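User: I'd like to go through this model with you, one point at a time. Here it is.
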Number of protein chains: 2
Amino acid sequence: MKKHFLLAPGPTPIPPEVLLALARPIIHHRTPFYEGILQEAREGLKYLFQTKSEVLIFASSGTGAMEGAVTNTLSAGDKALVVEGGKFGERFSSICRAYGVKPIVLPVEWGQAVDPAAIEKTLKEEPSIRAVFVQATETSTGVLHPVSQIAAVVSRCPGTILVVDGISHVGAVELPMDEWKLDVVLCGSQKALMLPPGLAFAALSDKAWQFVECSTLPRFYFDFKKELKNLVKNQSAYTPAISLVVGLAESLRLIRKEGLENIFARHARLARATRAAMTALGLRLYAPQACSDAVTAVMTPPGIDGQKVVKILRDKHNLTIAGGQDRAKGRIFRLAHMGYIDQSDILACIAAVEMTLQELGHKFELGAGVKAAIEILGHG
Amino acid sequence: MKKHFLLAPGPTPIPPEVLLALARPIIHHRTPFYEGILQEAREGLKYLFQTKSEVLIFASSGTGAMEGAVTNTLSAGDKALVVEGGKFGERFSSICRAYGVKPIVLPVEWGQAVDPAAIEKTLKEEPSIRAVFVQATETSTGVLHPVSQIAAVVSRCPGTILVVDGISHVGAVELPMDEWKLDVVLCGSQKALMLPPGLAFAALSDKAWQFVECSTLPRFYFDFKKELKNLVKNQSAYTPAISLVVGLAESLRLIRKEGLENIFARHARLARATRAAMTALGLRLYAPQACSDAVTAVMTPPGIDGQKVVKILRDKHNLTIAGGQDRAKGRIFRLAHMGYIDQSDILACIAAVEMTLQELGHKFELGAGVKAAIEILGHG
């Protein structure tokens, strides 16, 4: 018997209610029944994004919404400030280049958060910058960027919008779109939303919609205006990923039932326990000063390959986590506590990490990780 | 108790084996287990498309693959010949315009098939045309376009490729990609593939891949080269729609078990029965000279609104079909016999259409439609 545990930063485990919703006989999307489901999902998404704006839904991976955020708000030759502190920051630069937008890259050391003062300085030097792109949680490093402080800077610039990639963040860690004055917030289905991958989301402020009016980049499938026009009629421009939307309505029901505040508190508690456990094992966090509560990136000790940790956990302990990507490959492993994850998942994972590190010859007091986690989780 | 029947041209019913596959606990995509599933799906897709080429898989609606077919093979200022005989032909023109490609529209009356000689003539007059876009089955009219004859024309032009939208066609009606020398064939998951919407497919000939090398249109999410590079390693450039790919492997298993020849014969038989039944009810087919075996479009008698037929079937008989779109709205209804549909579905549908027409005051011999269908289906 093999019982699998999934603690990767996407895809994340799916609750049984949602899995069963995915297995329902398919329904047609041009029907009042589907429109009722979509209407409910629209309301749930506004709650999740903490916004009065409509949240657009695309049948695509999160990258599709990232591309749409560029092509619907900017024009060829525009300048955009891109915070590059990980793999997903780099993706925004690549998308900009593909469409003739000039990325002004603000490099941030992997594992560090961006300094809002650096953004402010760049915006003063280059007032023609039309958009700032940043991750709320950078999945590849586990870093939490100071989005509210960045928003305070950008919202003072009438000619600049702030685009926040909240893919590994929305629904796990606080990101109140309207309160913080965020212009574009993106999300994907396979993270805190507890769904399979295949849906991407984008919400736009009034300011961002004004940018859409001026944007001249080519787009078709990811056309935000066309999608909004259909969404308000509980429809979509093209055939939607029906079963995933049915699952979305179900997962949003679970989210509203638990309540965002409780959900954020649960994520924070599991993240604290994970960080304490890894530190107790003598490991260093990859982002000690700016840890997101969505995913914890842990450095492997010298001489131990992070990819081996991932492989042993998977092959011997039936537990899937993620390794490092690109320049962090082999140097870190990443434990997610995002979505449908509870304390038993985390404790089992910490114990399996201990067994794995022991096998790889790392010296530590066996049980110290689980003990440190219990000390936090035991306090309710 | 309400038991629903779905006979729309997408989405189509999903077999229970596939529905249950969608409800399995989600797996991570960067694992050997997922890679094994994708490898199996790749082989199945080559069988389905009747090609040696790789079939690219995108997490998107079919329109995403249509956009990719334009942006990966053409450049701004290029000319493209677009067969416009329905809503989906028009979509290719819209995509071309969005990206600065000049569509040379070959208008075809709705309900008629394009004349290959007209394509040949246009290609002679405008030898700089880089691509010809056509639907194999035009979903909005039920027309089958003569793709093999068009391919015979286009394959003689070294500077022109043929892009075939096979979304409502592949896996229902013959379309041997390699044998007919088709350059790009597109498909979507929610038609003959018996899956929910959310996956799009694109296969390219060697000639089409050469066009990709010269194409300069911007693209990112729908980047064919990047996707191919990942696909041959059983991966994808971005997070794939995992549960749908797991379902795809399952549905392709069913398709290989039944065999393409048997599948085509089943669709042809059900389509013949549907056409005979509608004719026996005194109705006219919308595409009498060029009916696709994937979907039958039927004209409503004068004075009867096609939308009412759809509504009564849905509300009183729990049976979902499709009405007409755009200029055909109200004038036709469409019955699909695509994918997981058998003779009992078709007979139930014909009987329900009879009840509906009777209610709407159409004069015909009650039972004549079912009788005509039985006469065909009874012969095995």
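User: Let's start with one residue: is B:Ile321 buried or exposed?
Analyst: Bearing in mind that this is a predicted model, B:Ile321 is buried, because 25 other C-beta atoms lie within 10 Å and 20 or more are enough for that label.

User: Where does B:Ile321 sit in chain B?
Analyst: B:Ile321 falls in the loop between β13 (319-320) and β14 (322-323) of chain B.

User: And which residues is B:Ile321 in contact with, leaving aside neighbours within four places in sequence?
Analyst: The contacts of B:Ile321 beyond those neighbours are B:Leu7, B:Ala8, B:Val310, B:Leu313, B:Phe333, B:Arg334 and B:Leu335. As for B:Tyr286, which is 35 residues apart from B:Ile321 along the chain, the two C-alpha atoms are separated by 16 Å.

User: Switching to the two chains, how many residues does each give to the contact?
Analyst: Chain A and chain B each bring 43 residues to the contact. On the side of chain B that touches chain A, at least two residues come from each of α1 (16-22), α3 (62-71), α4 (87-98) and α10 (242-258), and α3(B) gives the most, with four residues.

User: What about the classes of residue on that side of chain B?
Analyst: That side of chain B has 25 nonpolar residues, 15 polar ones and three charged ones.

Terms used:
Residues are numbered from 1 along each chain as its sequence is written. Chains are lettered from A and ligands numbered from 1 in the order in which they are written. This is a predicted model: local features need pLDDT of at least 70, side-chain atom pairs count only at pLDDT 80 or more; totals for chains, interfaces and linings use all residues. Two residues are in contact if their C-beta atoms, placed from the backbone, lie within 7 Å. Ala, Val, Leu, Ile, Met, Phe, Trp, Tyr, Cys and Pro count as nonpolar, Asp, Glu, Lys and Arg as charged, and the others, Gly among them, as polar. A residue is buried if 20 or more other C-beta atoms lie within 10 Å of its own, exposed if 12 or fewer, and partly exposed in between; C-beta atoms are placed from the backbone.
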